[in-house]
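Work through the exercises below with the sequence and the coordinates open. Each task is followed by a solution in steps.

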Amino acid sequence: MIQYDLIIIGGGASGLSAGVSALQHGIKKVLILERNSDLGGKLNLFIHHGFGKYYLGKDVTGPELSSELIREFKAHGGEYKLDTEVLEITTNKLVTYVNPNEGVQEIKAKAIIIASGSRERFTGNINIPIHKYTGIYTLISAHKLVNLQGYLPGKEVVILGKNNWSLILARRLIIEGAKVKAIVDGSNKGFLDDRGKK
């Protein structure tokens, strides 16, 4: 059975940052297991500036930060598996995963980091009637449609949300030719109330 010094579950900003840092600090055999077809996670969706200050010392787009983290991870000898779903983690650090190339496999780790926190909740866990109505999308789904797949989720759009991500999506949709009819804030605090708080 193959053993790694560190297995990281999730290849987004956190997983890549952890992997690069581990390799830079002398941890030799590091593996990232990523369920998607590419590394970078949600960074790949957000093509506006505002990322990377913690790592690069300057603001860059999500894909730019993603590319730099991936480059560093590979340059330091990090390994990764894409399209890989983790099925089980045992208390003695045995990881069972599955992917189309290898089927079900088990590997051992000296340490494990779970870095899958930015994944959006499934529609069954939030109050969106996707199974009955077309044209209703979560925020991340809409970003993915526009920024990665090149489709408009609609020509006339209403956005429900009160944070800067809602406004960024609205701006992006307008740039691509949609008409944003309304941005609805259901709270009594107003837009961007969480911005700037330390």
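The exercises concern a predicted model, and they go from the whole chain to single residues.

**Exercise 1. The chain as a whole**

Task: State how many helices and strands the chain has, and what share of its residues is buried.

Solution. Step 1: the secondary structure amounts to five helices and 10 strands. Step 2: the chain has 198 residues, of which 34% are buried. Step 3: for the contacts, take pairs of residues at least 6 apart in sequence; 52% of these contacts join residues at least 24 apart.

**Exercise 2. The nonpolar cores**

Task: Find which members of the largest nonpolar core touch the most other members, and which elements give two or more residues to this core.

Solution. Step 1: the core holds 20 residues, and those touching the most other members are Ile8, Leu16, Val30, Ile32, Leu65 and Phe73. Step 2: two or more residues come from each of β1 (3–9), α1 (13–24), β2 (30–33) and α3 (62–75). Step 3: apart from this core lies another one of nine residues, including Tyr4, Ile9, Leu31 and Ile107. Step 4: take Ile8 as an example and leave out residues up to four places away in sequence; its contacts are then Gly15, Ala18, Gly19, Val30, Leu31, Ile32, Leu33, Ile113 and Ala115. As background, nonpolar side chains in soluble globular proteins tend to be buried together.

**Exercise 3. The packing of α1 and α3**

Task: Describe how α1 and α3 pack, giving the angle and how far apart their axes are, and list the residues that make the contact.

Solution. Step 1: two packed helices are described by the angle between their axes and the distance between the axes. Step 2: for α1 and α3 the angle is about 35 degrees and the axes are 9 Å apart. Step 3: the crossing of α1 past α3 is left-handed. Step 4: α1 contributes Ala13, Leu16, Ser17, Gly19, Val20, Leu23 and Gln24, while α3 contributes Leu69, Ile70, Glu72 and Phe73. Step 5: sorted by class, the contact of α1 with α3 comprises seven nonpolar, three polar and one charged residues.

**Exercise 4. Helix α4**

Task: Identify the buried residues of α4 and a helix that helps to cover them.

Solution. Step 1: α4 spans residues 139–148, and its buried residues are Ile140, Ala142, His143, Leu145, Val146 and Asn147. Step 2: the cover over the buried residues of α4 includes α5 (164–175). Step 3: just after α4 comes Gly150, with a positive phi of about 75 degrees.

**Exercise 5. Lysine 81**

Solution. Step 3: not counting residues up to four places away in sequence, Lys81 touches Leu31, Ile32, Leu33, Glu34, Tyr97, Asn99 and Glu102.

**Exercise 6. Buried or exposed?**

Task: Classify lysine 28, glycine 52 and lysine 53 by relative accessible area.

Solution. Step 1: Lys28, in the loop between α1 and β2, has a relative accessible area of 66%, so this residue is exposed, the cut-off being over 50%. Step 2: Gly52 sits in the loop between β3 (49–51) and α2 (53–56); its relative accessibility is 3%, and therefore Gly52 is buried, which requires under 20%. Step 3: Lys53 is in helix α2 and is exposed at 56%. Step 4: leaving aside residues up to four places away in sequence, Lys28 touches Asp5 and Leu23, Gly52 touches Gly57, Lys58, Val60 and Leu65, and Lys53 is in contact with Lys58 and Asp59.

Key:
Residues are numbered from 1 along each chain as its sequence is written. This is a predicted model: local features need pLDDT of at least 70, side-chain atom pairs count only at pLDDT 80 or more; totals for chains, interfaces and linings use all residues. Side-chain values use heavy atoms; hydrogens and water are left out. A nonpolar core is a set of buried Ala, Val, Leu, Ile, Met, Phe, Trp, Tyr and Cys residues joined through side-chain atoms within 4.5 Å. Buried means under 20% relative accessible area, exposed over 50%, partly exposed in between (1.4 Å probe, protein chains only). Helices (H or I, at least four residues) and strands (E, at least two) are DSSP runs, numbered from the N terminus. Contact means heavy atoms within 4.5 Å. Axes are lines fitted to C-alpha atoms, for helices over the stretch in contact, and angles run from 0 to 180 degrees between N-to-C directions. A crossing is left-handed if the near helix is turned anticlockwise from the far one by less than a right angle, and right-handed if clockwise. Ala, Val, Leu, Ile, Met, Phe, Trp, Tyr, Cys and Pro count as nonpolar, Asp, Glu, Lys and Arg as charged, and the others, Gly among them, as polar.
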